Amino acid sequence: MRGDELFELVDALLCADGPVTSPVDLTLVAEHRRGHGAMYKALNHGNVDVPRAAGAGRSADAAGRRRAPGPGRRRQQLASPRRADQRGSPLLPRLRPSGRSSDQFIPGWPYSFVAALESGRTSWCQFLDAVRLGPEDDVAEATASQLRRVVTDLIEMGRWHVGDRDILIVFDAGYDAPRMAHLLDGLPVEVLGRMRSDRVMRRPTPSLKEYALAYPQGGRPPKHGKEFRFAKPDTWGEPDAATTQVTDRYGTTRAMAWDRIHPRLTTRSAWIDRTGELPIIEGTLIRLQVDRLPGGGDPLPLWLWSSATGLNCEDVDVLWQAFLRRFDLEHTFRLMKQTLGWTRPKLRTPKAGERWTWLIIAAYTQIRLLREAAADLRRPWEKPAEPGRLTPARVRRGFRNLRPHLHCPARAPKPSTPGPGRLLGLKSWRPATRYDVGKTVKRPESITERNRLKP
């Protein structure tokens, strides 16, 4: 019964008129045939097979979708609901502070999402996995474990083969990109992350010949090269690759890249329990400078670090363009929060939050798969759009017209309490016993006596 209620709740999410303001309002939708009590029981005590749901999301593809060679882009996002030619895959994790102070966080349960972005000029994405992070979980280790599971499943499903390009994983500034590259070592992935503008990294370790020329007196060879300070251009030197592109949104973009730049690790913070020699994690450092921003703000330089080495100018352009594409995922989360009501219910338990999250993912997946079959029910002020260019919100408007043509496994509800006139202990319906109004009548205490007193 709770499984049937969960199916009808997803249909109500898709067929409701306007944004979802409260889960109890979904019980008033015509597609929802059960009461609000069944809805609360399903969220609090229902069951969602998360491994099967995640596997279905990784294997489902939209009909007629254009697919680029190799795996699609993947991204990861950290979100916190309030309590009560493609190179591969970008994953973006990030925590959202409340207010101007970074020490004030929104109370709730943080979730880590993995989504695959489609190729081309589109913001449609496909959710691959969602995991709730506990208060004692290491965000980096939990994210690495989640990504390792997702990438392994994609390889087993045949989405990646030997000889294909590595899956590109994009992180924001909330993650240490070199550490994530170390945790994901052994997988066919390429890590790309944003770095702080005040970081200090190291150049490649000098060879023995270079060391002998620089230090003729001898001594122990150094493990790291000279310092590379992001805030001091005098320490940069000549870049190994430099490109210039003209874009519509950002004007002229200038990118410079330095090869084999790595951080100098110490036995502190995440590496405090490390036994033995600390690793040297080399990669490519990219500095991106643009002329203007779409919002009109001050265009500060953007520093990126990639785990790949030996990149040419074309590879550098692909990397910084892939990082800017991570903002397309924000449209999906805005739809989940503002339209589907992901943060609206005031749930009391984390398990109920996980069920509600996967119901939202299931609803969005149906919107994505039926986008080309939905009619464009546009508002008078909206411009017409082609079937393949509809936004998720406009596809949801036409879902009610598609609902009669889709099969729903939910069974019709059955009453769980005796109806009016049903005698105690009997399942068949009989007329209710009538008593004279205004007279003192002793009510029978047993079924046999009650049936004997009937006229």
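**Exercise 1. At what angle do helix α1 (residues 2–15) and α2 pack, and how far apart are their axes?**

Before the solution, two remarks on the basis of the exercises. The model is predicted, so local features need pLDDT of at least 70 and side-chain atom pairs count only at pLDDT 80 or more, while totals for chains, interfaces and linings use all residues. Residues are numbered from 1 along each chain as its sequence is written, and side-chain values use heavy atoms, with hydrogens and water left out.

*Solution.*

Step 1. Helices (H or I, at least four residues) and strands (E, at least two) are DSSP runs, numbered from the N terminus.

Step 2. The angle between α1 and α2 is about 105°, and their axes lie 9 Å apart. Axes are lines fitted to C-alpha atoms, for helices over the stretch in contact, and angles run from 0 to 180 degrees between N-to-C directions.

Step 3. The two helices α1 and α2 are therefore roughly perpendicular to each other. Angles under 35 degrees count as roughly parallel, over 145 as roughly antiparallel, 65 to 115 as roughly perpendicular and the rest as oblique.

Step 4. On the α1 side the contact (heavy atoms within 4.5 Å) is made by Arg2, Glu5, Leu6 and Leu9, and on the α2 side by Ala38, Met39, Lys41, Ala42, Leu43 and His45.

Step 5. Sorted by class, this contact of α1 with α2 has six nonpolar, one polar and three charged residues. Here Ala, Val, Leu, Ile, Met, Phe, Trp, Tyr, Cys and Pro count as nonpolar, Asp, Glu, Lys and Arg as charged, and the others, Gly among them, as polar.

**Exercise 2. Determine how helix α2 (residues 36–45) packs with helix α9 (residues 350–369).**

*Solution.*

Step 1. The axes of α2 and α9 are 7 Å apart, at an angle of about 105°.

Step 2. This makes α2 roughly perpendicular to α9.

Step 3. Helix α2 contributes Ala42, Leu43, Asn44 and His45 to the contact, and α9 contributes Ala352, Arg355, Trp356 and Leu359.

Step 4. By class, the contact of α2 with α9 has five nonpolar, two polar and one charged residues.

**Exercise 3. Trace the pairing of strand β5 (residues 189–195) and state how far this strand is covered.**

*Solution.*

Step 1. Six of the seven residues of β5 are buried, which leaves the strand mostly covered. Buried means under 20% relative accessible area, exposed over 50%, and partly exposed in between (1.4 Å probe, protein chains only).

Step 2. Strand β4 (residues 167–171) pairs with β5 in the parallel sense over five bridges; two strands pair if DSSP finds at least two bridges between them.

Step 3. Within this pairing, Phe171 has Gly193 of β5 as its bridge partner.

Step 4. Together with helix α5 (residues 177–183), β4 and β5 make a right-handed β-α-β unit. A crossover is right-handed if, with the strands pointing away from the viewer, the path from the first strand over the helix to the second runs clockwise.

Step 5. Strand β5 also pairs with strand β11 (residues 302–306), in the antiparallel sense over four bridges. There Gly193 stands opposite Trp305 in β11.

**Exercise 4. Which strands pair with β10, and in what sense?**

*Solution.*

Step 1. Strand β9 pairs with β10 in the antiparallel sense over seven bridges, and Ala257 stands opposite Ile286 in β10.

Step 2. Strands β10 and β11 run antiparallel and are joined by five bridges. Leu285 has Trp305 of β11 as its bridge partner.

Step 3. Eight of the eight residues of β10 are buried, so this strand is largely enclosed by the rest of the structure.

**Exercise 5. Locate Arg260, Ser269, Ala308 and Thr205, and state whether each is buried, partly exposed or exposed.**

*Solution.*

Step 1. Arg260 is found in strand β9 (residues 251–261). Its phi is near 60°, a positive value in a residue other than glycine. With a relative accessible area of 34%, Arg260 is partly exposed.

Step 2. Ser269 lies in the loop between β9 and β10 (283–290). Although Ser269 is not a glycine, its phi is positive, about 55°. Its relative accessibility of 69% makes Ser269 exposed.

Step 3. Ala308 lies in the loop between β11 and α7 (313–324) and counts as buried at 16% relative accessibility. Leaving out residues up to four places away in sequence, Ala308 touches Glu190, Gly283 and Thr284.

Step 4. Thr205 lies in the loop between β6 (200–202) and α6 (208–214) and is partly exposed, at 28% relative accessible area. Beyond its neighbours within four places in sequence, the contacts of Thr205 include Arg260, His262 and Ile280.
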